Amino acid sequence: SNTLGNGWVVPADDAAITAAADLLRGGQIVAIPTETVYGLAADARNADAVAHIYAAKGRPDFNPLIVHVPDLAAAEELAEFGPLARRLAEAFWPGALTLVLPLREGAKVAAAVTAGLPTIALRCPAHPVMRAVLAKSGLNLAAPSANKSGGISPTRAEHVLASLGGAVPMILDAGPCKEGLESTIAAIRLENIEILRPGPITAESLQTFSKLQPSQQTGEKIEAPGQLASHYAPSKPVRLNAKSAEDGEWLIGFGEVAGHYNLSPTADLAQAAAHLFDALHRADASPYPLIAVAEIPDKDIGVAINDRLKRAATR
Ligand code: TXA
Ligand code: MG
């Protein structure tokens, strides 16, 4: 059975999870829901499987992948954890925090996963379906967002289907993603946290927990190579901080700015984050030639929303 009337999207029940684990163990790629966005997963040890991810996404080979692990013990086999990294993992995993750490010598990951960097990005996801696939397969899973490179990240199975379609043998469908924005990426050095990509785990919560002031990556050197200025880009021009729709614009609203689609009528930033990519997908598919977006407060997860919007508006 499937939810969209074709052979690829399947509800993520036990049988589908078992089938997905079998495909992954056989070196195939599978799209899997996480609490942030849908990921395109492959066995992180298997170079051919990892090559399938890059091919399906059209992803440049210099852009490394996040490895998803079942727990901290599995993560420690792949990276060097100092005391700060270990404390952060214990506090925020499973969850939407990706740690960039020194790659451990002899770590069992395909070279393409880290794109030759001396570091590795690791995340222990919270979504029950992703966790079940990790457990069933017994693998660590390399998984970028399940969209064409440079496109809008998927928060629903139908977004994956629209972007990657037949390039993926199986898409596990567990409905919309709860967070709706990709994980926070933080590079951890001795006594320093550098945020490479803002996300659901905010700078404030990292600071409150660690008593350290995280630094934000500045524009000059791009350390997360996926953090190129133009990203998450719809096929249409995007105008930010709109108060109302101008001619030809499909307006994404927030709070009192109603719009054609409102991210959160009650101006709740977490709700807006969860709806953002779905709104951009709808805006892209609408008959309107232009997209406008209401102003989003630049606090809490609004920082991550504005990061994505800025990239969506850069062409
Ligand atoms: O929420 C998420 O993180 C989702 C779900 C599926 O887990 N994944 C995701 O992956 O957003 P992706 O590939 O779309 O974004 C990963 C980002 C890229 O910008 C990549 O350059 C960066 O992580 N990255 C990966 N390894 C890195 C490393 N060793 N150092 C710095 N950045 C790294
Ligand atoms: Mg991505």
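Q: Where does Asn63 lie?
A: Asn63 is found in the loop between α2 (47-57) and β4 (66-68); helices (H or I, at least four residues) and strands (E, at least two) are DSSP runs, numbered from the N terminus. This is a predicted model, in which local features need pLDDT of at least 70, side-chain atom pairs count only at pLDDT 80 or more, and totals for chains, interfaces and linings use all residues. Residues are numbered from 1 along each chain as its sequence is written, while chains are lettered from A and ligands numbered from 1 in the order in which they are written.

Q: Why is Asn63 called partly exposed?
A: A residue is buried if 20 or more other C-beta atoms lie within 10 Å of its own, exposed if 12 or fewer, and partly exposed in between, with C-beta atoms placed from the backbone. Asn63 has 16 other C-beta atoms within 10 Å, and is therefore partly exposed.

Q: What makes Ser153 count as buried?
A: Ser153 has 26 C-beta neighbours inside 10 Å, so it counts as buried. Its place is in the loop between β7 (141-142) and α7 (157-164). Leaving out residues up to four places away in sequence, Ser153 touches Val37, Ser145, Asn147, Glu182, Tyr232 and Phe277; a contact requires that the C-beta atoms, placed from the backbone, lie within 7 Å.

Q: For which residues does UniProt list "binding site" together with Asn63 and Ser153?
A: The unreviewed UniProt entry lists Arg59, Asn63, Ser145, Ser153, Arg197 and Tyr232 under this name. UniProt positions are given in the numbering used here, feature names are shortened, and annotations may be inferred rather than shown by experiment. The unreviewed entry also places the feature "binding site" at Thr36, His68, Thr119, Arg123, Ala143 and Ser183.

Q: Is Ser183 buried or exposed, and how do you know?
A: Ser183 has 27 other C-beta atoms within 10 Å and is therefore buried. This residue belongs to the loop between β8 (171-173) and β9. Beyond its neighbours within four places in sequence, the contacts of Ser183 are Thr36, Ala96, Leu97, Thr98, Arg123, Gly199 and Pro200.

Q: Why does Thr119 count as partly exposed?
A: Thr119 has 17 C-beta neighbours inside 10 Å, so it counts as partly exposed. Thr119 is placed in strand β6 (residues 119-123). Not counting residues up to four places away in sequence, it touches Val100, Leu101, Pro102, Leu103 and Thr114.

Q: Which residues of helix α4 are buried, and how do you know that they are on the same side?
A: In α4 (residues 83-92), the buried residues are Ala85, Leu88, Ala89 and Phe92. They cover an arc of only 100 degrees around the axis, so they lie on the same side of α4; the arc is that of the directions from the helix axis to the C-beta atoms. Pro83 and Glu90, on the other side of α4, are exposed. The packing partners of the buried residues are α3 (72-76), β5 (97-102), β9 (184-189) and α8 (203-210).

Q: What is the order of strands in the open sheet of four strands, and which are the edge strands?
A: The order is β12-β15-β13-β14, with parallel pairing; two strands pair if DSSP finds at least two bridges between them. The edge strands are β12 (238-242) and β14 (261-262), each of which pairs on one side only.

Q: Over how many bridges do β13 and β14 pair?
A: Strand β13 (residues 249-253) pairs with β14 in the parallel sense over two bridges. Within β14, Tyr261 stands opposite Ile252. Helix α9 (residues 269-285) packs on the sheet and touches β13, β14 and β15 (290-294), its direction making about 170 degrees with that of β13; axes are lines fitted to C-alpha atoms, for helices over the stretch in contact, and angles run from 0 to 180 degrees between N-to-C directions.

Q: Why is β15 called largely enclosed by the rest of the structure?
A: Four of the five residues of β15 are buried, so this strand is largely enclosed. β15 pairs in the parallel sense with β12 over three bridges and with β13 over four bridges. Ala292 in β15 is the bridge partner of Arg239 and stands opposite Leu251.

Q: What pLDDT does the protein average?
A: The average pLDDT is 93, and 93% of the residues score at least 70; pLDDT is the predictor's confidence in each residue, from 0 to 100. Over residues 1-6 the pLDDT is below 50, and this stretch has ten contacts in the model beyond near neighbours in sequence. Where pLDDT is low, the predicted coordinates should not be read in detail.

Note on methods:
Two residues are in contact if their C-beta atoms, placed from the backbone, lie within 7 Å.
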